[in-house]
Every structure is written in C-alpha cells, then in structure tokens.
Amino acid sequence: MTDTSPNFGVRAEYSDPVRRLLSIGESWENDPAKWPDYAAKFGLGSEHIAELMRLACDTVLYGSDSDGTEVWAPVHARRVLGQLRAEESVLPLLAFLKSAGLDDDWTDMELPVVFGLIGAPAISSVAAFVWDQSNSTFPAATAILGLKEIARKHPACRDECIGILGRLLERRGDTDPALNSFAVSALIDLEAVEAIDAIRDAFRRKSVDVSIAGDEEDVEIALRLRERRATPAPRYQLFPAGQFGRPDESRDTAVSPRPVKVGRNDPCPCGSGKKYKKCCLA
C-alpha cells in the first residue's frame with residue numbers, strides 16, 4: 001500500500017498560511033478563471049511572496065509521493081504568484097523551468113498562464129529567456145507561450161510581444177527551426193497579420209519546422225491572407241525516415257497540420273511510450 005502520510009519535515013519548512021497549500025491536493029483546472037481566489041481563501045498576500053517562490057520551486061516536493069497532496073503544492077504556489085502579479089517571481093520561475101532534467105507537464109502548461117497573469121512586468125525577463133540560446137528548445141517554447149498569454153490577457157502589451165516574436169524569426173544563425181515554429185504558432189493564435197513579412201522570410205530561409213505550424217501557405221490561410229493553397233501540400237514528416245525500423249513515415253495533407261498535430265505532451269505516435277516532445281520531436 002502506498003504511503004500517503006504527510007511529510008511533516010517538509011511542512012515544517014513553511015509557515016502558515018503558505019503551509020496550507022501542501023494540504024489542498026490535486027487540481028486539474030489550468031483555466032485561471034476556475035482557480036480558487038487563493039488570497040481570499042487562504043489569507044495569502046504580498047508578504048508571503050518570498051516563501052511562495054521557494055515553494056513553487058521546491059524540487060523535493062516535485063519528487064514526492066504522486067498520490068499525496070504535497071506534490072501539488074508547487075502548482076498552487078505558482079498560481080498564487082500569478083494572482084498576486086508577483087514580478088519578482090518571474091526570474092526564479094524561469095530558472096526552475098530551465099532546471100536540468102525537469103520534465104513536468106504542469107510547469108509547461110501553467111507557467112505561461114502565470115506569466116500572462118503577471119503581465120507587462122514579466123515581458124523583459126521572459127523575452128530574454130527566449131533569446132538566450134543556452135536554453136533548450138522546449139523551455140524556450142514554454143516561454144514563447146508565456147509571451148502569447150501576456151499579449152492575450154493584456155491588449156496593451158500585444159504589440160510588444162508580437163514584436164519580440166517577429167524579431168526572433170528574423171534572427172540568423174543556429175536558431176532551432178522547431179523553436180521558430182512555436183513562435184509562428186503563437187503569432188497565428190494572436191492573429192498577428194502584421195508579422196507576416198517576418199514569417200514569410202523565415203520560411204524562405206528554411207528556418208521553420210513545417211511539421212508544427214504548417215508551411216507558408218498554411219500560415220497564410222490561418223491568418224486569412226489566402227483562401228486556399230496554390231501548391232500541393234507538403235509531406236509533414238512525423239518521425240525520421242528509417243526510425244523504429246520503418247520506412248519514410250510521412251503523410252500528405254491538404255490542410256494545415258496544426259489542428260491535427262500531435263501535442264508535445266501527447267504519447268509519441270511511434271509507439272515508444274514516451275511523450276512526443278521527448279521522443280520523435282526531440
């Protein structure tokens with residue numbers, strides 16, 4: 001039988017009311033409109049931000065019993081930081097995102113939402129993280145989603161966030177085409193027609209992975225700049241030729257791959273049992 005008793009040693013490291021977050025347990029809602037009002041419900045405020053940051057980045061709790069309540073505490077702490085619009089938490093959360101070996105879907109899904117709640121004060125740090133080429137593709141892609149969420153929740157920030165993503169596409173050098181494709185995908189979601197020149201140029205330099213956001217014509221259709229394709233749809237390769245003993249595994253499609261693409265946190269279609277982002281997309 002799994003031991004789900006509370007870890008009193010860990011709990012003793014946190015004071016009330018922050019300690020109460022260790023007892024809430026699972027919460028599968030990543031829509032902030034459905035989150036509790038943590039400040040009102042638990043009495044949390046700006047005076048607790050330092051301790052909340054420590055809890056949000058507590059790697060011991062991330063490795064705790066998956067059937068217990070404490071493993072969820074960092075998720076709740078991040079949400080509180082977002083609701084409090086805690087600007088000072090952005091850098092520690094980004095550093096946690098970069099942590100070597102970290103593989104946590106809730107971090108991938110909810111950090112962008114948290115940055116969106118924090119808004120304008122988060123932009124410069126999140127943008128710097130995206131531009132830092134020492135960061136691997138998927139943490140940087142999570143930061144890109146953060147910029148998208150900021151633009152969506154704060155219309156006054158939209159032009160600045162779109163400008164950052166457009167300039168990312170203009171960068172020459174060793175930028176991962178997959179990272180550029182996540183930027184293109186974010187621009188599509190923001191209906192950023194004004195970024196089309198940067199998008200087209202990136203495609204023409206072959207700097208975008210078409211398996212994630214589609215090719216140039218797919219993007220133009222998504223942005224309502226054209227009604228239909230003028231050329232045959234490309235073959236969107238799902239995994240490298242010859243991998244897993246298969247021949248060239250690709251598919252022809254007449255529509256954008258975005259609506260039917262495999263999510264990066266979904267099981268890999270190759271059948272390995274790994275997440276797509278850790279397998280064929282890597």
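Helix α7 is mostly covered, with 11 of its 14 residues buried (under 20% relative accessible area; exposed is over 50%, partly exposed in between; 1.4 Å probe, protein chains only). This is a predicted model, in which local features need pLDDT of at least 70, side-chain atom pairs count only at pLDDT 80 or more, and totals for chains, interfaces and linings use all residues. Residues are numbered from 1 along each chain as its sequence is written, and side-chain values use heavy atoms, with hydrogens and water left out.

**Exercise 1.** Find the elements that the buried residues of α7 pack against.

*Solution.* First pick out the buried residues, among them Trp 106, Leu 111 and Phe 115. Then look for contacts (heavy atoms within 4.5 Å). The partners are α4 (59-62), α5 (73-83), α6 (90-98), α8 (123-131) and α9 (137-153).

**Exercise 2.** Describe the surroundings of Leu 225.

*Solution.* Begin with the loop between α14 (216-222) and β1 (235-239), where Leu 225 is found. Leu 225 has a relative accessible area of 37%, so it is partly exposed. Finally, leaving out residues up to four places away in sequence, Leu 225 touches Val 193, Ile 196, Arg 200 and Glu 220.

Key:
Helix = DSSP H or I, 4+ residues; strand = E, 2+ residues; numbered from the N terminus.
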